Amino acid sequence: MTIENDTASINDADLKKQQFEQAALHYHEHPRPGKISVTPTKQIANQRDLALAYSPGVAVPCLEIEKDPKLAAKYTARNNLVGVITNGTAVLGLGNIGALASKPVMEGKGVLFKKFAGIDVFDIEIDQNDPDKFIEAVASLEPTFGGINLEDIKAPECFKIERELRERMNIPVFHDDQHGTAIIAAAALLNALKIVNKNIADIKVVCSGAGAAAISCLELIIALGATRSNIFVLDSRGVITNRRENLDESKQRFAQDSDATTLDEVITDADFFLGLSGPGILSQEMVKRMAKDPIIFALANPTPEIMPELAHAARSDVIMATGRSDYPNQVNNALCFPYIFRGALDVGATIVNEEMKIACVHAIAAMAHTEESLEETKKSAGLGRQFGREYLIPGPLEPNLILNIAPAVAKAAMDSGVATLPIEDFDAYRQKLSEFVYNSALAMKPVFTQAKSAPKRIVYCEGEDPNVLRAVQVVVDENMAQPILIGRPDVIQAQIDALGLRLTLGSNVQVMDLNNNPKYEDYWKFYHKNNQRLGVSEELARRDVRRKSTLLGALMVERGDADGMLCGTFGYYDLHLNYVRRVIGKKDSVSDLYAMSGVIMQNRTLFIADPYIHEDPTAEQIAEMTVLAAQSVRRFGVEPRVALLSHSDFGTSNRESAQKMRQVHDLLTQMNVDFEFDGEMHGDTALDVRIREENHPFSTLKGSANLLIMPTLDAAHISFNLLKSATGSATIGPILLGADKPAHILVPSSTARRIVNMTAIVVTDAQQNDK
C-alpha cells in the first residue's frame with residue numbers, strides 16, 4: 001500500500017468514526033432527550049378515574065398491602081420493576097467516569113429490559129464511591145423494586161457490594177458485569193467442549209484478567225465441573241501464585257503453586273483461553289502452543305486479546321469467540337440479564353442463586369442446537385445458522401430467548417426453594433411469554449387450540465421455500481397438522497439440512513414430487529375435463545399439472561388427497577387465485593370469493609376486507625363478504641363489530657361510493673345478521689367510541705369496531721399495509737373467504753410465523769368442512 005492510500009484509509013476511518021459519533025449524539029437527543037420514559041398503564045379520562053387512581057381510592061390498596069406485603073405484587077408495578085443502579089466507577093470501556101456520565105448506559109440497559117423482556121426500569125445513578133454508603137443507599141430502596149441490577153461498579157468493591165446486598169435484601173440482586181458475562185461465556189464453553197469432545201473437568205484454563213467478570217466466569221465454570229487446580233489466572237502483575245503478597249480474597253482463591261509469572265509460560269497446552277483484560281496480549285505464537293482444538297474467548301472490547309483472523313491464521317482448529325458483533329460467537333450480556341430477571345420476578349424469587357444461573361447457562365447453550373426464529377425472512381438456503389464452531393450461542397436479537405430462559409430460571413428458583421410466587425401451570429406461563437414475544441399468539445390462541453384437537457392433511461404448495469419449511473417444523477412440533485410438501489425431494493432435503501431443521505421426509509412430513517406424481521394421469525384428466533371450455537387443452541393440462549405447484553395442491557384438495565392447502569409465497573396473488581377458482585371453486589351458497597387480513601396490534605386486533613380480490617365490489621358483494629368475514633372473525637374468539645367505512649360520515653357526502661356503503665347497511669339490515677354493524681362512517685368514527693358517542697349518538701355500533709369493511713380494493717389494500725407498517729404489527733392472512741374447500745393464498749412477504757398462523761386457520765377450516 002502506498003503512503004497516499006494508507007493516509008486515505010486512516011482519514012476514511014476517522015471520518016466514519018466522527019459520523020458514527022454524531023449519529024449517536026443525534027440518536028440520544030431526538031426526537032426527545034434520553035431513551036426511556038414513564039408511561040401510565042391506566043386511563044384517567046374522567047373524575048371517577050382520578051378518584052380511583054389517587055385520592056381517595058388509592059388508600060384501599062395501601063391498607064391491603066399494609067396487612068399483607070405480598071399484595072404489592074397484585075396492586076402495584078413492583079414485581080415488574082427493576083432498579084438499574086451504578087456509581088459509574090467502571091463504565092463499559094470508559095472507566096471511572098462518574099455517576100452522571102454513566103446515565104446514558106443505564107438508560108440503555110432500561111431499553112433492553114423493556115424491549116426483550118417487558119420489564120420496567122428506573123435507572124438510579126448514585127454519586128457515592130464509598131462501598132458501605134453505597135450499600136446503605138441501595139438497601140433502603142427494597143420497597144420500591146422487585147429486583148436490583150447492579151451495573152458498572154469497579155472491582156474489588158463490586159464483590160463486597162453485591163455480597164452484602166444479597167444478604168440484606170429479600171429480592172434478587174444481580175451484578176450483570178460479573179454474572180451476565182459468566183453465564184454467556186459458560187454456555188458458549190459448554191457447546192465448544194461438545195464440538196471438540198473434551199471434558200470440562202480435564203481442561204487446562206488460562207484466564208487473562210482478574211476483575212469482576214473474570215472471577216465470576218471462573219467460579220461459574222468451576223460450578224459446572226472445571227477443576228480449580230487446572231486454572232491459571234493473570235492480572236496486570238502476571239500469574240497469580242501463592243508467592244504473591246497482598247492478594248485480595250477473590251484472587252487468593254485462584255493462587256497457584258507455581259513459579260510461572262507470564263502468560264507465555266502458562267499458555268502451553270492450554271485448552272481454553274479466557275480473555276477479559278486488554279488488546280493484543282495473546283500472540284499467534286502462543287496460540288500455536290495451545291492444546292489441540294484450542295478454545296479462545298477474547299472478550300476485551302473493542303479490541304480483543306487477539307483478533308479472530310490472526311488466531312485462525314495461526315491454527316485452523318481454533319474455536320473463537322469475542323465480545324464484538326462483527327464476528328461469530330458474540331458473548332453479549334443481553335443474552336442473559338433480561339430473561340434471568342423475567343424468570344426471577346415471575347416467581348417472586350428472593351435471590352438469584354447458583355441454581356438459577358446454571359439453569360440459564362444450560363438454556364442458552366441448548367438454544368444453539370435448535371433452528372432459527374420464525375421471524376427469519378431469508379429466502380435463500382444456506383443462510384440458516386447451525387450449531388458448530390461459528391455458532392456456539394444464539395444471537396442477542398433472537399426473540400425465542402425469553403421462551404427458553406425465563407421458564408428454566410423460574411423452575412430453578414422453585415426447585416431451589418427461593419420462589420415466593422411459584423408458577424402452577426408452566427404451559428400457561430409459556431403461552432403468556434409467547435404473547436409478549438409474538439403478539440399474534442394471543443389472537444391465534446383459540447385457533448391453535450382448535451387445530452391441535454384434530455390435525456388435518458395440509459399441502460404446502462411451495463414446499464422448497466425456507467420460510468415454509470421453518471413453519472412446517474413448528475407445525476410438526478406442535479402436532480397441528482400433517483404436512484405435505486410439494487417440491488423436489490432432493491431440494492427440500494438440502495434446504496432442511498441448510499436450515500438445521502429436524503424434518504424427516506416420509507416420516508413427519510410427506511412430499512409430493514411434481515416430476516414423479518403417482519396420480520398425475522388422474523389429475524390432468526380431471527383438470528382438463530372441468531376446464532376444457534376455459535381454454536385448457538389436453539396438452540396444457542398435462543404440462544401445467546407438472547409445472548404449477550398451486551394447481552397440483554388444489555387438485556390434491558379437490559380429489560380428497562389433502563384436507564386443505566396453502567400457497568402464494570412466490571408470485572402474484574391473482575395467479576394462484578386463478579387455479580383455486582378453476583379447481584376448488586366457491587361454495588354453492590355464495591356468489592364469489594373474497595379476502596380478509598388481520599393486523600394484530602398491542603392493544604387491539606383489526607380485520608380488514610377485501611384487500612386482494614375485488615377492485616370495485618358491488619353493494620351486494622360487499623354485504624356477502626361482510627357476512628363471511630364476520631363468521632371467520634368469530635374463530636378468533638372475537639365477537640365481530642363491523643364498521644362500513646367511507647369518506648362519508650353518516651350522510652356527509654352523496655358521492656357514488658358513499659351511497660354504495662349506505663346500500664350495504666340496508667342489505668345487512670334486511671338480512672337480519674347476528675352481529676353489530678353500522679355505517680357509512682369515517683375510520684376514526686369506527687375506532688374511537690367517544691367520537692361516535694359525541695357526534696353520532698344514534699349509531700347502533702357499540703364499542704370500537706374490529707372488522708373494517710372497505711368500499712374498494714385500493715382502500716382496503718392501502719389501509720392494511722399502512723396500518724401494519726406504521727404500527728410494526730404482526731398480521732394474519734390473507735384469509736380466503738367463500739372457497740368450497742379449505743384453501744388460502746399467502747403473499748411473498750409472509751414470514752414463517754404468519755405461515756404457522758395460516759396453517760392453524762386452514763386446519764380449522766378443514767375441521768369445519770368435516771362437520
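Me: Is F675 buried or exposed?

Reply: Burial is read from relative accessible area: under 20% is buried, over 50% exposed, and in between partly exposed, with a 1.4 Å probe and protein chains only. F675 has a relative accessible area of 7%, so F675 is buried. F677, at 11% relative accessibility, also counts as buried. This is a predicted model, where local features need pLDDT of at least 70, side-chain atom pairs count only at pLDDT 80 or more, and totals for chains, interfaces and linings use all residues. Residues are numbered from 1 along each chain as its sequence is written, and side-chain values use heavy atoms, leaving out hydrogens and water.

Me: How many aromatic pairs does the structure hold?

Reply: A pair of aromatic rings is described by the distance of the centres and the angle of the planes. Rings of Phe, Tyr and Trp (its six-membered ring) pair if their centres lie within 6.5 Å; planes under 30 degrees apart are stacked, over 60 edge-to-face, and the rest tilted. The structure holds 10 aromatic pairs. One of them is F174 with F341, edge-to-face at 5.9 Å centre to centre and 85 degrees between the planes.

Me: Why is the pair of F675 and F677 edge-to-face?

Reply: Their planes are at 65 degrees and their ring centres 6.2 Å apart, so the pair is edge-to-face.

Me: Which residues do ring pairs link into a cluster?

Reply: The cluster consists of F113, F174, F337 and F341. Both F174 and F341 are buried.

Me: Where does the charged end of R546 sit?

Reply: A charge sits over a ring if NZ of Lys or CZ of Arg is within 6 Å of the ring centre and within 35 degrees of the ring normal. The charged end of R546 lies over the ring of Y520, 3.7 Å from its centre. For K204, the ring is that of F232, with the charged end 5.3 Å from the ring centre.
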